[in-house]
Amino acid sequence: MLLSILSWSLFYFCHFFALSSNYKSNYFTCQNSSHTTNREENKNQSYSFSIISKMEGKEEDVRVGANKFPERQPIGTSAQSDKDYNEPPPAPLFEPGELSSWSFWRAGIAEFIATFLFLYITVLTVMGVKRSPNMCASVGIQGIAWAFGGMIFALVYCTAGISGGHINPAVTFGLFLARKLSLTRALYYIVMQCLGAICGAGVVKGFQPNQYQALGGGANTVAPGYTKGSGLGAEIIGTFVLVYTVFSATDAKRNARDSHVPILAPLPIGFAVFLVHLATIPITGTGINPARSLGAAIIYNKDHSWDDHWVFWVGPFIGAALAALYHVIVIRAIPFKSRN
């Protein structure tokens with residue numbers, strides 16, 4: 001009986017071993033065949049790509065990330081599109097013809113109204129948070145950040161087709177340095193933005209004058225425990241993030257290359273404002289907008305609100321200048337290449 005059991009056990013073991021060996025042999029054969037097929041397909045694709053490049057008359061190899069002028073070769077997923085990209089000409093320093101155009105004055109009015117609404121909603125939100133006995137009884141810092149970011153998203157969406165939706169002298173200054181608008185238009189925008197901010201904060205004070213003065217009026221100051229240098233650095237970096245996002249979200253080159261990807265430009269801009277506020281409200285109350293800081297300071301008009309006020313002009317303008325230089329010199333730079 002025992003011999004019979006051992007015989008059957010040996011039989012099944014040998015049978016299983018034979019099947020296992022056959023399966024492994026077939027598996028490695030399929031793998032080798034698959035690798036061979038993949039190599040052949042890659043060679044065919046490389047050969048086809050080189051033929052296409054030669055047929056298009058390219059004088060240089062097409063490499064991902066390479067910029068050429070004129071940029072006729074789509075790169076990456078944008079190769080699905082046949083849209084070419086032409087660099088828009090830089091705006092002139094002075095353009096006297098603008099002053100006789102209704103669209104010029106209309107754009108300034110749009111900036112005034114947008115900044116007015118921006119200050120009205122955001123300062124009211126700040127007042128509501130400060131009026132509460134504690135942060136948990138109100139929307140807190142997150143709510144303030146959402147108010148600023150959400151209003152920028154909505155207002156940029158509404159005014160982008162009229163004035164470009166700057167709503168911020170720092171953004172206007174950065175775009176001016178990048179030659180996106182003339183000096184005449186830049187100065188006009190900044191004046192209208194500041195006037196709109198003053199009116200927006202003034203309306204809030206008109207609704208609740210006593211509480212407005214008691215709760216700080218939404219004015220920006222460097223928080224206790226931080227130096228003016230820390231506040232200046234926070235404003236520089238925060239404004240850099242905002243203006244860099246503006247350049248990236250509105251870049252015609254990126255829009256042409258990624259035209260098959262629907263992107264709503266005001267969304268990343270508003271989200272950048274939201275994130276910067278989350279980070280810097282505890283430091284400076286988050287300026288990154290000289291018009292917003294000026295409007296609240298003028299209406300509140302207390303000595304301590306003016307002591308640090310220069311931080312909220314110098315910081316945003318430096319941050320905007322750095323973002324403009326980074327975009328123009330690094331991101332949009334045209335590399336030098338030798339032609340054979």
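Residues are numbered from 1 along each chain as its sequence is written, and side-chain values use heavy atoms, with hydrogens and water left out. Because the model is predicted, local features need pLDDT of at least 70 and side-chain atom pairs count only at pLDDT 80 or more, whereas totals for chains, interfaces and linings use all residues.

User: Why is the contact of Arg185 and Glu98 called a salt bridge?
Analyst: A salt bridge is a side-chain nitrogen of Lys or Arg within 4 Å of a carboxyl oxygen of Asp or Glu, and for Arg185 and Glu98 the N to O value is 3.2 Å, so the pair meets the definition. Arg185 lies in helix α5 and Glu98 in the loop between α1 (2-55) and α2, 87 residues apart.

User: What makes Arg185 count as buried?
Analyst: Buried means under 20% relative accessible area, exposed means over 50%, and partly exposed is in between (1.4 Å probe, protein chains only). Arg185 has 16% relative accessibility and therefore counts as buried, and Glu98, at 9%, is buried too.

User: How many salt bridges does a search of the whole structure find?
Analyst: The search finds two salt bridges.

Terms used:
Helix = DSSP H or I, 4+ residues; strand = E, 2+ residues; numbered from the N terminus.
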